[in-house]
Amino acid sequence: MGNLYKPAYRTGRKYEMLSAYIDNELSDAEVKKLEEELKFSKELREKLAELKKIKELTTSSVKNIEENPFFETRLAAAMRIKKPWYSKLGKLSPVYGIIAVSLILMVVLKYNPQVINNLLDKQKSNITAFYKQNLKPLLYAADLTNEDIFNFAFYHQLPLDNRKQQFLQFGSDSNGNQFFEIKNAGAASSRDNLKKFIHDFNLNKDQERHVDSILSSYADDLQSQVLVNEKSTVAINPNIWNYNKALAADLISYLTRINKNELQRALPRQYEEYYNRRNVAQMVSEIKSSKNNNYIFFTPDSIFSEPYKFDKDQYKQEMKQWADELKDNMKDLNNQFKNFSVRIHFGDKYNKLKSDSSWAKDFKVFVDSNYCKVHIPSVIIPPIQLPNMENFSIRIDSLNNLFKEFSFNFPNPGKNKSFNYKYFYNDSSKGLKFNFKAFGFDSSFAFKNHKLDSLLAKKFKGRGFKLNPDSLAAFYKAFTGDTTEILQQKQLQEQMKQFQQEMENFRKEMEKWQKQFQKDLPKQAKKNPIEI
Amino acid sequence: MKLKKTKKELQQPQILNLDDDFSLIKRFIEGDEYTFNTLVQRHKEKVRNIIYLTLGNHDMVDDIAQEVFLTVYKNLGSFRFESQFTTWLYRITVNKCKDQLRKMKIRSIFTPIKESEEELGYTSSPENSDVREIVQKAIAKLPEKLRVPLLLKDIEGLSYQEIAESVQCEIGTVKSRIFRAREGLRNMLKPYQEELM
């Protein structure tokens with residue numbers, strides 16, 4: 001359409017003048033100028049003739065339309081008709097409707113002010129009731145093993161399904177505010193942590209059984225702390241953060257009794273007093289007796305906190321009855337368990353919800369393509385005096401499986417007076433890379449799968465090389481639990497790398513330029529001697 | 001005596017034609033309702049032409065013209081004599097036509113699509129059509145914002161200033177729209193060049 005009516009800009013402006021010229025709409029000066037141009041331009045003259053023809057055609061196209069002989073009579077009659085005053089009221093009918101509705105609302109609210117709140121509450125309770133239906137303990141959906149419970153104690157993770165595709169990650173930030181994350185399996189801790197733990201603490205069979213029994217005893221309690229249903233609802237009792245501390249404290253307390261020396265290497269001294277048997281027993285009983293029924297419901301529609309009473313005994317009874325009925329056909333029972341799974345599909349839906357402030361009114365939520373992080377207002381977690389376990393869990397970590405990939409690299413001994421130390425924490429996205437300056441090591445000095453403590457104690461003694469486990473542990477802290485911090489660290493590393501590269505390039509450029517300048521200087525002097 | 005009269009006439013020259021409208025309106029405001037008939041008779045043809053050419057449909061011309069004059073009748077008492085009566089009259093006419101076109105557009109959404117006879121006629125071979133009809137149909141095909149200024153200029157002979165006031169835009173815009181309307185017509189009439197030239 002536009003091309004049909006719009007000629008090229010420059011010629012268009014000139015032709016526009018011609019069009020105004022035939023309409024006698026140009027000023028005298030414009031007419032004079034245009035007529036001068038017309039004398040010398042055949043193209044303009046042709047265009048002028050064309051425009052005149054078009055105008056002529058338009059003007060002559062009008063034919064007289066036959067007029068209705070009663071036009072004036074009808075008009076006179078219409079003018080005489082005076083519409084009644086209420087004829088105008090019809091146009092205002094929408095306004096009357098709004099006024100009427102407003103008045104009704106005012107009257108209703110005057111005599112029953114709670115009506116709107118009641119309606120909203122009803123709506124809310126309908127939604128909450130929908131998501132509360134058929135809630136089952138996590139044990140039912142995920143079939144928790146002792147390994148999972150061990151990971152819960154020290155890695156703050158619980159699997160959400162049998163196939164361990166999604167995890168619940170618990171944690172608390174530097175301000176002491178708790179959060180939980182629902183993550184895809186990529187970020188889960190490595191397997192066999194319990195086995196490594198048993199091995200590294202040299203536990204015998206009896207001790208191993210004892211650890212297992214501690215873990216199993218918590219499994220029973222844990223089942224009512226996280227509830228799930230097939231509507232992708234995850235209901236979390238805030239007391240689970242305390243259970244997490246209690247379980248870890250219980251295990252450490254036991255270790256203190258059986259292998260204090262080994263534990264001292266892992267446990268910061270200032271925490272020791274917390275793990276004496278009496279203290280821990282008191283804490284555990286305090287946590288277990290806490291009756292906090294305010295669950296946090298994470299649903300596809302909203303995140304809310306609501307009281308919910310999970311009747312553990314009734315549930316057990318139902319399960320037993322059900323199992324008895326299906327006794328003869330265990331296959332069916334297993335299938336029932338297998339078919340039940342919770343799967344949170346991140347992506348567009350949660351991203352859209354994020355912009356809706358009512359979605360998680362009382363919670364701070366971060367949504368990414370493969371995880372969702374929910375900050376819990378600290379008030380709803382019952383305060384129980386236990387130290388933060390983060391540091392200790394890192395120590396346990398370092399004792400057991402931190403150094404899966406631990407290697408020294410001496411590419412050119414003697415020439416390059418530095419070496420690299422690489423460390424990968426569980427998955428490649430959490431790697432660390434250190435570059436140490438010269439020591440004059442033997443090139444044959446290389447390790448794989450060694451523990452840091454033994455390295456510190458034996459290999460580097462008296463060589464001027466020092467790694468402080470405390471500071472290292474504090475550094476690793478950034479790499480546990482909180483995904484956003486990991487990303488920030490990664491970005492910073494990349495930026496530093498880029499900056500170093502750019503500086504190196506700049507230095508090389510400068511050197512080149514300096515050499516060139518020195519080379520050119522005498523030549524130039526020869527070519528252009530100064531004449532006096 | 002005769003000479004004196006001529007001098008007097010020169011000192012108080014006859015007011016231009018347009019002022020006739022003004023004096024009629026003044027008389028109407030003073031209570032002489034019959035003067036309105038004179039205004040209708042004087043301007044009805046142009047009003048009807050604008051309606052016909054803008055809508056491209058003569059069935060509605062009388063109804064819309066009646067609406068225009070009724071609006072003028074109701075509001076003439078508040079006429080401010082700041083612009084010519086015709087400018088005001090044509091603005092009302094153009095606005096009524098725009099309202100009608102809007103209604104027709106809304107109606108067309110709810111009616112099934114079919115090729116109108118008019119459209120078929122326009123695409124038929126030039127031999128069967130007469131020049132005036134071809135041009136009229138081409139004008140009807142122009143977008144409303146180009147068509148109205150062109151017709152007000154070429155049919156009604158309004159100045160760019162008056163058109164600008166009628167359609168409520170700048171004079172430069174009127175100038176540009178009239179030229180673009182002519183260019184559009186030229187392009188549409190290209191296939192009929194032999195018949196037209």
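In this model, 38 residues of chain A touch 47 residues of chain B, contact being heavy atoms within 4.5 Å. It's a predicted model, where local features need pLDDT of at least 70 and side-chain atom pairs count only at pLDDT 80 or more, while totals for chains, interfaces and linings use all residues. Residues are numbered from 1 along each chain as its sequence is written, and side-chain values use heavy atoms, with hydrogens and water left out.

**The A–B interface**

- Chains A and B bury about 4,000 Å² between them, with 63% of it on carbon and sulfur atoms; buried area is the accessible area (1.4 Å probe) that two parts lose on being put together, summed over both.
- The rule finds 7 salt bridges across the interface of chain A and chain B, each a side-chain nitrogen of Lys or Arg within 4 Å of a carboxyl oxygen of Asp or Glu.
- One salt bridge pairs Lys44(B) with Glu72(A), whose closest N and O atoms sit 2.5 Å apart.
- On the side of chain A that touches chain B, the elements giving two or more residues are α1 (2-5), α2 (9-22), α4 (42-60) and α5 (71-80), helices being DSSP runs of H or I with at least four residues, numbered from the N terminus.
- The largest share of that side, 10 residues, comes from α4(A).

**Ile99(A)**

- Ile99(A) belongs to helix α6 (residues 93-111) of chain A.
- Ile99(A) counts as partly exposed because its relative accessibility is 45%, and that class lies between buried (under 20%) and exposed (over 50%), using a 1.4 Å probe and protein chains only.

Notes. Chains are lettered from A and ligands numbered from 1 in the order in which they are written.
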